[in-house]
Amino acid sequence: MSESKFKYQGVGREYQKKLLTAWNDRLQSAESEGRKVAYLFVPGNVAEFLRVFDFELVFPEVNALQCGVRKISGDYILKAEDVGYSPDVCGYVKNDIGMMLAGNVGPSGHKIPKPDLLLCTYCGCTTFIKWFEALAHYYDVPLVMLDIPYLRGSVIEETDRQYIVQQLKELIPLCEKMTGNKYDHDKLVEITKHAAEAEDLWVQILHSAKRKPSPFDSYFEAVFFMAPIYILRGLPECTDYYREAMKEIQERIEHGVGPIPEEKFRVVVEGPPPWPHFRSFWELLKRWGVCAVASSYSKVGGFWDHGFRHDPTRPLESIADYCLTCYTNQNLAMRTDLLKTYAEEYDADAILIHSVKSCRSFSVGQADMREQFIRKWDLPTLLVESDLADPRYFQIAQLRNRIDAFFESLEHKRLVHA
Amino acid sequence: MTFEEQIQHFRGIVDDVSFPTVKEWKSKHPGGKVVGMFPVYTPYELPHALGMLPVGLLGAGGKIEIDHADSRIQSFVCSIARSTLELGLTDRVKDFDAVYFTSICDVARNLSGIWKANFPHQLVEYIHFPQNMESPSAVHHYRGEMQRLLGNLEQLGGKKATADALVRSIEAFNHNRSLCWRLYEIRQLTPWKLSTYEAYILLRMGTLLPVEEHTHILEGIIPLVDSRETKQRDHTRVILEGSFCEQPPMELLQVIEEAGCYIVNDDLLLHSRWFTDPVPANGDPLLSLAESYIRGSVSSSVRHYGLRSRKQALMNKVRSGQADGVIFCAPKFCEPALLDYVLFKDELEKNGIPYLAFEYEEKMGVFESIRTQIEAFVESVMFFT
């Protein structure tokens, strides 16, 4: 893209950088300025609820993925293995423990504050519980569980919704006592209103990938575009960010350009990225003109593109629905159907599954999904394996062979059918 | 049959991956329904109250080749998940009418989804166990979850479960659990009379037979154990931790004992003694089961216990078993066990309790290096602590 034609490319990125720096600054000064800190997970996070009490929010997974991108996760993982963690357990957990043991300076160079509250939203990942139990062990702070039932059927059961609402209500006295701030329903209404505005804009960006060529890569770019919707959701500046980001997308649409020079293949991607080798992995696909038009990972923390919004008229219930429907809390049949639906909605040529050892919650079942895509729906599907945090599992030569072979055969098929 | 002959006979049944006891039960109960139970704990009382047969679905213990499941489940996943799926894909569990998986870990949870996709003729349930032990709502939510399970079973069997039938099931399993606990009492007080291998075989039979038949076996065999004249040895008393889901090779249990250990407590087949006290058999039966789950379950790495610490529970096991050390014996790739290991070993170090850790897989065939490790551990415990 030539810079002269474009006024808005990069404005979102710059604005996001500013917001995330401000967030890190707030975290760094939280302890000395007496603000309370809650740790929570990205999937189904109840940020809106905690913001009512003015908690500062730390997301250990975000730290872990940023350590991966900055290629420091490998050292932290080894540090955790030194104290007894197995090579076969989740790399995010080990990265986080290793970082804590090394003094808890985050990937951006900011000091990460100790938690006052560990709020474990059990959204479809049992390892989350183990992770926070370990942090409770090391920090000696209370661990509060927010039990989110996994979706056993294809719709939300009212009993599950009410169970979560009840638990949130039960949590109010503890949050009030810890922060000294009273629960304020009007404030929650306001926060969920901001959340819903940002969600509207985010969905517009996601849906823009239905265009041909797609102006946006729904995997390799989405993972950066999505940071504010998970970290800052509920704050007005989060909505501002998506307005800026939307300008970038709008401009790309006007000029008919996208993330790669020429879009040759449109794919739906399943699974988290290999953070320590993010660029290399993207390059392997760019060589073939591959654009990810939809992905499940961009919905890992929350699922909006089929209609869900935080709802100011029923804030607690909508928070419960948000927790219940985030991608990691959806059962395998729902996940399989979703990927197939994406392939149709976004007119994709294939499905690409990046299966990671660390996260069994994501990966167990993916090979079976592939069988279904290929046999039931004749959807070309490629499954490759590495890891989201542990650089030792990224075998570039092997990945290149598989990716090249797959797209060669797709290209060949296209030529034959032409 | 003598005690030893009975154990030999039961071993043959346990090793037979064609589930002969299920076939026999089905032939005696035309139209009867069989429900497969994946570990660690499942409410066996529910199918039992409807006259169904709950059966443990515990993998294949290295007895079959994994030909089909390898293409469905990646190599970095525990062997019980793959071998259980292989049992399904090779038609060895086609007599099962329903299968229960629970929220013990992400693998078991997703296996329920794989099972649903591959075996549409079976009723596949994923049970969400409550994780918020401090919430008064948890009991009611779990009671509702059991009501849902029961409703689906009723539909499967074409009849309703009465409150009386549920109470009788609770009583039947309470009695059976008390006998299983009795085996553990023997292991603690007179471990030379009953090896862990033998106790395991006896418990394992409980996953293959109707509870009444298993109770009958235990009632007959416990007096034989009591009267056994086996020699007490100068063994090291250990707690075995981490083998709660995937079944360790039985030879491994024997090797641990041969190398000089009395395993005085363990987390093998934990469902057989899941509740520390009898489930109340009065009042609302489902509520009793739910309350017992939340307040009266034994400690296990697959559960969060709120303010009750699992580290403390392990220390209690060490103290009550007068154990000299702990052996962490976890299946390869088992995250609940491997993640807990770090917290457990820190606690043991703090309390000066020696420990040893190794991993196993179903297909494991050579135990000599583990034997050497255990012998060295036993010596270090005997001579240096």
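This is a predicted model: local features need pLDDT of at least 70, side-chain atom pairs count only at pLDDT 80 or more; totals for chains, interfaces and linings use all residues.
Helices here are DSSP runs of H or I with at least four residues, strands are runs of E with at least two, and both are numbered from the N terminus. Residues are numbered from 1 along each chain as its sequence is written, and side-chain values use heavy atoms, with hydrogens and water left out.

In chain B, a cis peptide bond joins B:Pro39 and B:Val40, with omega about 15°, and B:Val40 lies in the loop between strand 1 (34-37) and helix 3 (45-49) of that chain.

Next, the backbone at two residues of chain A. A:Lys71, in the loop between helix 3 (60-69) and helix 4, has a positive phi of about 60° although it is not a glycine; with 56% relative accessibility, A:Lys71 counts as exposed, where exposed means over 50% relative accessible area, using a 1.4 Å probe and protein chains only. A:Asp378, which is not a glycine either, has a positive phi of about 55°, sits in the loop between helix 16 (366-377) and strand 8 (381-386) of chain A, and is likewise exposed, at 64% relative accessibility.

Note on methods:
Chains are lettered from A and ligands numbered from 1 in the order in which they are written. Buried means under 20% relative accessible area, exposed over 50%, partly exposed in between (1.4 Å probe, protein chains only).
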